[in-house]
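This report goes through selected local features of one structure. It covers backbone geometry, ligand surroundings and helix packing.

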Amino acid sequence: MKKLKGALIGCGFFAENHILAWKELRNIEIICVCDLDIKKANKFKSKFNILHSYSSIELMLKKHKIDFVDVVTTMETHLNIGKILSKYKIPTSIQKPFAENLSNAKKIVSLYKKNKTPLMVHENFRWQSPLLKLKEIINKEQLTKPHYAKISFRHANPVGYTNQTYLYDLKEYLTLDVGIHLFDLSRFFMGEAKSIYTVNQNTNNKFKGETDFISLIRNKNKSITIVDASISSIKKPDRFAQTLVNLEFSNGSIDLDYNYKITLHKNNKKKIYNGKPKKYKWISKPWDQIQESVINTHKHFIDSLINRVKHDTSGEDNIKSLSLVFNSYKSDKLRKEIKI
Ligand code: NAD
Ligand code: 89Y
């Protein structure tokens, strides 16, 4: 089978997970890497045995025939990068947060639409093994009519931000950085939202933005989701980077607890499952479930390209999660429930 040739843009902290995950897929070869800082691109090229490194995206695209691009840069760069890649009609996977405001996200989507080019947001939490397992059990056990969800990401492990120091200065921090994943999970399990009410808090003065938030979402199917997150939740063992979930339906309930333990309650019985991520040599705690999900997310990106179907987390789809994020900030600011 002919390998698809890809390029990776942005050789920073999280890109190491992206490249190691690409190496797990047999039908892929990442032939180029690009970073504005050529020293970083060169170092990345030698560390991961890549053929070419660049500091200019346009130059890279002019010199090579590239089937897809994986963008692992921060949100404020996405519109400019999207303008270039969509002009060259290169199918693109782009990291979250998709953009720093809704207007830029919509501009990126319309550029790709105009150029008939596939665009996926690398929204990886729904591709984590424990969450995929939850979804699989819900479908298999036919849990129906959801009425309640609680989706929680609380920890106090500095590793959740010390590698990403750009987060300290954001006026809007945790909802944009992590809430985006959790709102996407609410949509994944409970369907689309109708409104949101949020209270933000700052419990760590290293950060300009909120470090904790609680959101209440009314969903179109009349169910309610509570989403909460914190970087100041002290527990032993620490919970980073595990998303904990409780879901209730008309005929049962299911919980994803610490250490990937899943408990199903149905027909007056309790059944225990294990949602552990798969093991790979380069994956380790506490990032394991995030690292493994990068492989699953890449696979979804490539499979959808090959089968010419729209990605589950296409740019268009991600605007719905992003809209929850910005309406969440609006709700906290105005102290009122905001219609979506
Ligand atoms: P980083 O700052 O370490 O790396 C980004 C790199 O992109 C930098 O080296 C920068 O020079 C380069 N860059 C910026 N603009 C560029 C351009 N126009 N052309 C080429 N290179 C360019 O950032 P990071 O911590 O690796 O985060 C990248 C993204 O990944 C962020 O959006 C972050 O939120 C996301 N992230 C996602 C997860 C997840 O689980 N999905 C986890 C961590 C980080
Ligand atoms: O940036 C965040 C993300 O997207 O997943 C985990 C993280 O790296 C820190 O909480």
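## Backbone geometry

Lysine 145 lies in the loop between helix 6 and strand 7 (146-154). Helices (H or I, at least four residues) and strands (E, at least two) are DSSP runs, numbered from the N terminus. Phi of lysine 145 is near 50°, a positive value in a residue other than glycine.

Two cis peptide bonds are described here. One joins lysine 96 and proline 97, with omega about -25°; proline 97 has its place in the loop between strand 5 (92-95) and helix 5 (102-114). Another joins lysine 285 and proline 286, with omega about 5°, and proline 286 is found in the loop between strand 14 (269-274) and helix 8 (288-306).

## Basis of the model

This is a predicted model, in which local features need pLDDT of at least 70 and side-chain atom pairs count only at pLDDT 80 or more, while totals for chains, interfaces and linings use all residues. Residues are numbered from 1 along each chain as its sequence is written, chains are lettered from A and ligands numbered from 1 in the order in which they are written, and side-chain values use heavy atoms, with hydrogens and water left out.

## Ligand 1

Ligand 1 is surrounded by 24 residues, of which the closest are Asp35, Lys40, Lys96, Asn124 and Tyr166. A residue is counted as near a molecule if one of its heavy atoms lies within 4 Å of it.

Several polar contacts can be listed; the term stands for a pair of N or O atoms within 3.5 Å, and within protein one must be able to donate a hydrogen and the other to accept it, with residues adjacent in sequence counted only if both atoms are side-chain atoms. An N or O atom in the side chain of aspartate 35 is 2.6 Å from an oxygen atom of ligand 1. Backbone atoms also take part: a polar backbone atom of phenylalanine 14 is 2.8 Å from an oxygen atom of ligand 1, and a polar backbone atom of lysine 96 is 2.8 Å from an oxygen atom of ligand 1.

## Ligand 2

The surroundings of ligand 2 consist of Lys96, Phe125, Gly160, Gln164, Asp177, Val178, His181, Phe240, Trp287 and Ile290. Lysine 96 has an N or O atom in its side chain 2.8 Å from an oxygen atom of ligand 2, whereas its backbone provides a polar atom to ligand 1.

Glutamine 164 has a polar side-chain atom 2.9 Å from an oxygen atom of ligand 2. For aspartate 177, an N or O atom of the side chain is 2.9 Å from an oxygen atom of ligand 2.

## Helix packing

Helix 6 (residues 129-140) and helix 7 (residues 174-190) pack at an angle of about 15°, with their axes 11 Å apart. Helix 6 is therefore roughly parallel to helix 7. Axes are lines fitted to C-alpha atoms, for helices over the stretch in contact, and angles run from 0 to 180 degrees between N-to-C directions. Angles under 35 degrees count as roughly parallel, over 145 as roughly antiparallel, 65 to 115 as roughly perpendicular and the rest as oblique. In the contact (heavy atoms within 4.5 Å), Leu131, Leu134, Lys135 and Ile138 of helix 6 meet Leu185, Phe188 and Phe189 of helix 7. By class, this contact has six nonpolar, no polar and one charged residues; Ala, Val, Leu, Ile, Met, Phe, Trp, Tyr, Cys and Pro count as nonpolar, Asp, Glu, Lys and Arg as charged, and the others, Gly among them, as polar.

The axes of helix 5 and helix 9 (residues 315-334) come within 10 Å and cross at roughly 175°, which means that helix 5 is roughly antiparallel to helix 9. Helix 5 contributes Leu102, Ala105, Lys106, Val109 and Lys113, and helix 9 contributes Gly315, Glu316, Ile319, Leu322, Ser323 and Phe326. The contact of helix 5 with helix 9 has six nonpolar, two polar and three charged residues.
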